[in-house]
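Let's walk through this structure together, from a pair of charged side chains out to the whole fold. Keep the 3D view open as you read.

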Amino acid sequence: MVSIETSETGVQRGARYLMRSPYYCVVLAILLVILPACASETKRTDAQNDGFVGSVRSVSAREERAQLDWHQPDGPSVTWSMACRECEYDREGNRIKSGQIMDGWFKGEITRFVRDNQGMVIEKTTENAEGEIVRRDVFGPHGITEQHGFEGSAEISSSFWFYDGNGHLSGFRGFARDGDLVSSSFSTSDTSGDYKEEWDYGANGSLTLHFVETNDPRTDTFTFASFKESGSVAVAFTTIGTRVLSYHQETSEEQPFGSNFYVDPVGKTEESYKCHSDGSCDHVINYFSDETRRRLNRVEWHDPTGELKLSADYEYEVDHFGNWTKRTVWVWSSALGERKLFETDYQTLTYWSN
């Protein structure tokens with residue numbers, strides 16, 4: 001199965017990936033937020049998703065960038081940013097504060113939760129550093145159902161999600177300040193979610209995206225095809241396991257939807273591809289310290305011939321919980337000739353007491 005990196009359209013997206021793996025839900029390409037995990041999957045807390053273990057209460061991070069004349073070219077990134085600069089979590093692992101310190105002041109968001117009698121989150125409000133509500137989310141049994149955006153006390157946007165009888169996402173509507181429909185999406189899937197077709201539309205009702213994807217767990221084969229409004233194929237590919245069996249792109253567009261994608265993680269590795277109009281694909285391999293894939297050890301970027309073009313190595317000092325407190329990032333390219341220090345990162349963590 002495959003996670004497809006979305007390209008930006010006229011709709012601002014917070015969800016950067018269309019997830020298709022045991023670890024993620026199927027998410028409509030047009031979504032404005034990342035949805036909670038599917039009901040059939042193991043729930044992960046915000047703290048776990050940010051790469052932390054244990055009862056983390058707060059994280060404060062800083063980086064020291066080396067004076068290095070090295071710039072990564074366009075393409076897959078080999079340097080990963082820190083998950084949190086200034087974050088706080090409640091005892092359940094929900095992120096309740098996220099941002100950074102600028103000129104001595106906190107800039108970011110504070111989140112507050114409303115729970116039902118069973119302790120399930122049914123509403124979430126997000127405030128800016130000045131205490132003004134900027135977003136309100138409503139949740140149902142399958143995930144988010146409403147999102148309302150605010151500027152001052154005025155509502156400036158509203159979005160609604162819909163689900164089929166199997167709990168899979170089936171529709172989305174996005175409205176502007178004046179109530180005009182600016183984006184919509186419809187999708188169908190089978191009971192297992194291994195087949196899905198989706199149609200996305202813009203403000204004037206024009207088709208912005210149409211794709212079909214299938215997954216066969218028996219053969220570990222995934223297929224994807226996106227279509228133009230005329231019905232012709234724009235992008236199509238097939239993967240088997242971590243290998244790209246075929247890739248076709250009709251246009252010379254540099255990064256059409258579907259050209260960047262991850263395949264399912266295997267053990268301590270996760271692989272991704274950036275494919276081109278000639279059918280060739282760059283290949284990126286992420287190596288992690290263990291199968292939880294929390295701590296990245298090395299990234300390699302290979303060109304379509306298999307030659308290593310860029311790499312980055314990550315070295316850590318960790319506390320007794322297993323969270324890193326110091327991270328050193330080294331980069332390599334043929335132009336550098338040898339690996340050199342790129343940056344050093346520090347994290348100060350506090351924990352909830354039992």
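R112 forms a salt bridge with E127, and their closest N and O atoms are 2.9 Å apart. A salt bridge here is a side-chain nitrogen of Lys or Arg within 4 Å of a carboxyl oxygen of Asp or Glu. Because R112 lies in strand β6 (residues 105-115) and E127 in strand β7 (residues 121-128), the pair ties together parts that are 15 residues apart in sequence. Strands are DSSP runs of E with at least two residues, helices are runs of H or I with at least four, and both are numbered from the N terminus.

Before going on, a word on what you are looking at: this is a predicted model, in which local features need pLDDT of at least 70 and side-chain atom pairs count only at pLDDT 80 or more, while totals for chains, interfaces and linings use all residues. Residues are numbered from 1 along each chain as its sequence is written, and side-chain values use heavy atoms, with hydrogens and water left out.

K124 forms a salt bridge with D137, with the closest N and O atoms 3.9 Å apart. This pair links distant parts of the chain, since K124 sits in strand β7 and D137 in strand β8 (residues 133-140), 13 residues apart. K124 is partly exposed at 23% relative accessibility, whereas D137 is buried at 4%.

Salt bridges that share partners also join E63, R65, R85, R327, E343 and D345 into one network. Within it, the side chains of R65 and E63 meet in a salt bridge, at 3.5 Å from N to O. Both count as partly exposed: R65 has 45% relative accessibility and E63 has 31%. By the rule used here, the count comes to 22 salt bridges.

Now turn to the cysteines. A disulfide is a covalent bond between the sulfur atoms of two cysteines; the criterion applied is a pair of cysteine sulfur atoms within 2.5 Å. How many does a search of the whole structure find? The search finds two disulfides. One is formed by C84 and C87, with their sulfur atoms 2.2 Å apart. The torsion about its S-S bond is about -85°, so the C84 and C87 disulfide is left-handed. The other joins C275 to C281, at 2.1 Å from S to S. Here the torsion is about 100°, so the disulfide of C275 and C281 is right-handed. C84 and C87 are both buried, and C275 and C281 are buried too.

Finally, step back to the whole protein. There are one helix and 24 strands. Of the 354 residues, 43% count as buried. Taking a contact as heavy atoms within 4.5 Å, 33% of the contacts between residues at least 6 apart in sequence join residues at least 24 apart. The protein exposes about 18,200 Å², and carbon and sulfur atoms supply 49% of that area. Accessible areas come from the Shrake-Rupley method with a 1.4 Å probe, and for residues only the protein chains shown count as cover.

Note on methods:
Buried means under 20% relative accessible area, exposed over 50%, partly exposed in between (1.4 Å probe, protein chains only).
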